[in-house]
Amino acid sequence: MKSGLERIDMGNRFGSAGVQQVYSDVEAYYGAQVAKHGATPRGVDWSCQATQSLRFVQLLRICDFAAPFALNDVGCGYGALCAFLDLRYPDSRVDYLGVDLSRAMISRARRRFRRADRRFSIGKASPRLADYSVASGVMNVNVGYSRAAWEDFIAAVLQDMRRTSRRGFSVNFMSDANGASEASGNLPETRLYRTNPERWIPYCEDALGCSVETLENYGMKEFTLLLRCRQNLAEDLPLRH
Ligand SMILES: C[S@@+](CC[C@H](N)C(=O)[O-])C[C@H]1O[C@@H](n2cnc3c(N)ncnc32)[C@H](O)[C@@H]1O
């Protein structure tokens with residue numbers, strides 16, 4: 001690893017409003033989606049439950065279900081992953097924490113899942129260290145910033161996930177490869193962030209100290225990165241609350 005997790009200075013790229021404005025623009029965007037469509041796949045900008053679940057299948061490949069574990073779900077929306085875990089892994093012991101910028105999402109999630117091992121928190125990063133973290137769809141909708149600024153935002157999300165994951169984490173991206181695509185909601189292409197694995201693999205290996213496995217060809221114009229932590233950064237990097 002080159003230099004540990006140096007904080008990215010995002011101030012310049014985001015202009016005078018700063019990065020807080022990005023978070024509040026993201027929150028406003030998703031808050032409007034869930035207000036319009038409710039706690040449904042469309043309310044988190046997915047076209048249907050089948051593709052939402054297919055993403056969970058890929059992301060959860062980072063987890064070893066043979067033993068109990070703690071899981072952070074970053075950008076959890078209304079908590080659809082909880083229902084998926086119950087359905088697909090009914091006997092597993094997962095201590096789940098969902099985190100989302102959107103208060104509207106979290107209040108829906110809390111209403112839906114009332115269990116001691118299903119908790120939710122409003123924010124941009126998990127307040128706790130877990131064995132694994134997943135993030136589905138968090139990078140897709142650029143709410144109006146330059147590509148460079150949006151990539152700084154993505155790097156910050158990845159850093160936060162690395163910092164709060166003991167064993168590994170996983171994220172998905174929309175692919176820029178040619179082919180049919182399930183666009184996110186009805187957004188114009190210009191607002192969707194598309195990329196390729198090569199853009200992010202060196203960053204995850206060198207800056208975040210992870211080994212990377214890429215999952216592609218699972219029937220969608222997307223890819224998933226499984227990031228396994230090569231060293232424990234927890235002692236060096238206190239959690240931010
Ligand atoms: C496309 S939705 C997906 C929701 C959920 N992961 C699912 O698949 O059903 C993305 C969610 O991530 C949240 N989000 C985006 N950026 C975030 C960040 N940096 N920290 C926490 N939540 C974020 C949004 O508010 C939104 O609810």
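The model is predicted, so local features are reported where pLDDT is at least 70, side-chain atom pairs count only at pLDDT 80 or more, and totals for chains, interfaces and linings use all residues. Residues are numbered from 1 along each chain as its sequence is written.

**The strands around β1**

β1 covers residues 69-74, and β4 covers residues 130-135. Helices (H or I, at least four residues) and strands (E, at least two) are DSSP runs, numbered from the N terminus. Two strands pair if DSSP finds at least two bridges between them.

| Strand pair | Sense | Bridges |
|---|---|---|
| β1 and β2 (residues 94-100) | parallel | six bridges |
| β1 and β4 (residues 130-135) | parallel | three bridges |
| β4 and β5 (residues 165-175) | parallel | five bridges |

Asp-73 has a bridge partner in β2, Gly-98, and also one in β4, Val-134. Val-134 in turn has Ser-170 as its bridge partner in β5. From β4 the chain crosses through helix α5 (residues 147-163) to β5, in a right-handed β-α-β crossover. Here, right-handed means that, with the strands pointing away from the viewer, the path from the first strand over the helix to the second runs clockwise.

How well covered are β1 and β4? In β1, five of the six residues are buried, and in β4 six of six are. A residue is buried if 20 or more other C-beta atoms, placed from the backbone, lie within 10 Å of its own, exposed if 12 or fewer, and partly exposed in between.

**The chain as a whole**

The protein chain has six helices and eight strands, following the pattern α-α-β-α-β-α-β-β-α-β-β-α-β-β along the sequence. Of its 241 residues, 39% are buried. Among contacts (C-beta atoms, placed from the backbone, within 7 Å) between residues at least 6 apart in sequence, 72% join residues at least 24 apart.

Conventions
Contact = placed C-beta atoms within 7 Å.
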